[in-house]
Amino acid sequence: MPPPSGTRYDRLARTALHRWWRPIVGTLAIVAAYLVVSFAVGLAAVLISLLSGVPMVMSGTQIFADPLMTLGLNLVLLALAIPLVLGAAWVVQRRRPGTVSSVAGRLRWGWLLLCVPIALVAVILGEVAQQLTFLATGVSSGFTWVGWDRFLAPLIVIVVLVPFQAAAEEYVFRGWILQAFGAYLRNPVPGIVVGAAAFASLHGYTDWGIAYVFGFGLLMGWVAIRTGGLEAPIALHAVNNVFAFGMTAAAGGLRNALEQGSVPWQTIVGTIVQFAVFTVSVLIIARKRAIQTLSR
């Protein structure tokens with residue numbers, strides 16, 4: 001069942017077939033299915049360990065003795081949330097899965113690819129601002145180059161898998177949750193806030209790190225509504241994560257790539273620059289290109 005014409009992104013789940021129980025049952029179905037998928041991936045990890053000869057360590061964030069295998073498995077597991085969200089929209093809510101992607105009923109690849117270089121510029125400018133702040137406050141970033149021999153393999157894994165991981169988080173927190181609330185409420189603010197809070201709660205950051213991920217969630221929820229879909233949030237999320245994981249791998253810290261904790265306040269300066277550059281640029285280009293923001 002398609003949404004009515006002129007429907008905003010967060011309201012796309014409220015079709016003629018909407019019933020009060022559908023978003024709730026859909027959410028429970030996604031959680032249950034993800035637990036089953038996680039168990040299956042765990043069994044696959046045991047098999048991979050046996051076939052590859054790489055022992056499992058199950059210590060902290062590490063699953064395998066090889067940190068690259070641990071990172072790859074975690075990224076794949078997170079990415080598997082995408083078909084679960086799309087499946088819940090189709091099976092439980094009886095609507096086109098593509099309506100989770102955008103008001104056009106599909107992922108608008110042209111718009112997504114246009115947002116990628118914007119995100120890249122925003123991330124680079126944010127990193128420059130952050131490093132200048134570190135320099136101005138007398139704090140060393142502590143970065144040391146690990147060498148191409150140890151960086152190339154992680155780089156390939158990161159570039160290939162991280163975009164799917166980032167997209168999965170957007171489909172869950174800015175897609176499903178935002179539209180689940182939108183099925184009941186005309187005001188998008190509760191959905192944006194709850195999605196951002198859920199997003200922040202599943203990260204292990206403290207102090208300024210919590211402010212960063214919560215702020216990211218709020219901003220991406222708003223951008224999704226203003227641009228009519230998940231393409232712009234996916235672009236920034238993917239580029240940001242590829243850059244973050246890539247920098248960690250380049251410094252030889254792959255074993256700690258999945259660990260999160262305290263974040264120095266100087267990073268917030270870079271965050272503000274990144275958010276401002278990306279949001280302003282995306283909204284201006286979306287307006288000039290007449291990007292669809294309501295269903296037709």
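**Buried sites and helix packing**

Me: Where is Ser-295 found?
Reply: The model is predicted, so that local features need pLDDT of at least 70 and side-chain atom pairs count only at pLDDT 80 or more, while totals for chains, interfaces and linings use all residues. Residues are numbered from 1 along each chain as its sequence is written, and side-chain values use heavy atoms, with hydrogens and water left out. Helices (DSSP runs of H or I, at least four residues) and strands (E, at least two) are numbered from the N terminus. On this numbering, Ser-295 is found in the segment after H9.

Me: Does Ser-295 count as buried or exposed?
Reply: Buried means under 20% relative accessible area, exposed over 50%, and partly exposed in between, with a 1.4 Å probe and protein chains only. Ser-295 has 4% relative accessibility and therefore counts as buried.

Me: Which residues does Ser-295 touch, not counting residues up to four places away in sequence?
Reply: Contact means heavy atoms within 4.5 Å. Another separation concerns Thr-99, which is 196 residues from Ser-295 along the chain, with 9.2 Å between their C-alpha atoms. With residues up to four places away in sequence left out, Ser-295 touches Pro-3, Pro-4, Ser-5, Gly-6, Thr-7, Leu-12 and Val-103.

Me: Of the 49 residues in the largest nonpolar core, which touch the most other members?
Reply: A nonpolar core is a set of buried Ala, Val, Leu, Ile, Met, Phe, Trp, Tyr and Cys residues joined through side-chain atoms within 4.5 Å. In the largest such core, of 49 residues, the most other members are touched by Tyr-171 and Phe-278. The elements giving two or more residues to this core are H3 (81-91), H4 (109-136), H5 (148-182), H6 (189-201), H7 (208-227), H8 (231-250) and H9 (266-288). A second, separate core of 13 residues includes Phe-151, Val-157, Ile-158 and Ala-249.

Me: At what angle do H8 and H9 pack?
Reply: Axes are lines fitted to C-alpha atoms, for helices over the stretch in contact, and angles run from 0 to 180 degrees between N-to-C directions. The axes of H8 and H9 are 11 Å apart. Ala-232, Leu-236 and Asn-240 in H8 meet Gln-274, Phe-278 and Val-282 in H9. The angle is about 150°.

Me: Are H1 and H2 roughly parallel or antiparallel to each other?
Reply: Angles under 35 degrees count as roughly parallel, over 145 as roughly antiparallel, 65 to 115 as roughly perpendicular and the rest as oblique. H1 (residues 22-52) and H2 (residues 67-79) pack at about 155°, with their axes 10 Å apart. H1 and H2 are therefore roughly antiparallel.

Me: How many nonpolar, polar and charged residues does the contact of H2 with H3 have?
Reply: Ala, Val, Leu, Ile, Met, Phe, Trp, Tyr, Cys and Pro count as nonpolar, Asp, Glu, Lys and Arg as charged, and the others, Gly among them, as polar. H2 and H3 pack at about 5°, with axes 5 Å apart, and H2 is therefore roughly parallel to H3. Leu-77, Leu-78 and Ala-79 of H2 make the contact with Ala-81, Ile-82 and Pro-83 of H3. By class, the residues are six nonpolar, no polar and no charged.

Me: How many Å apart in space are Val-172 and Gly-195, C-alpha to C-alpha?
Reply: Val-172 is found in helix H5. Val-172 and Gly-195 are 23 residues apart in sequence, and their C-alpha separation is 8.4 Å.
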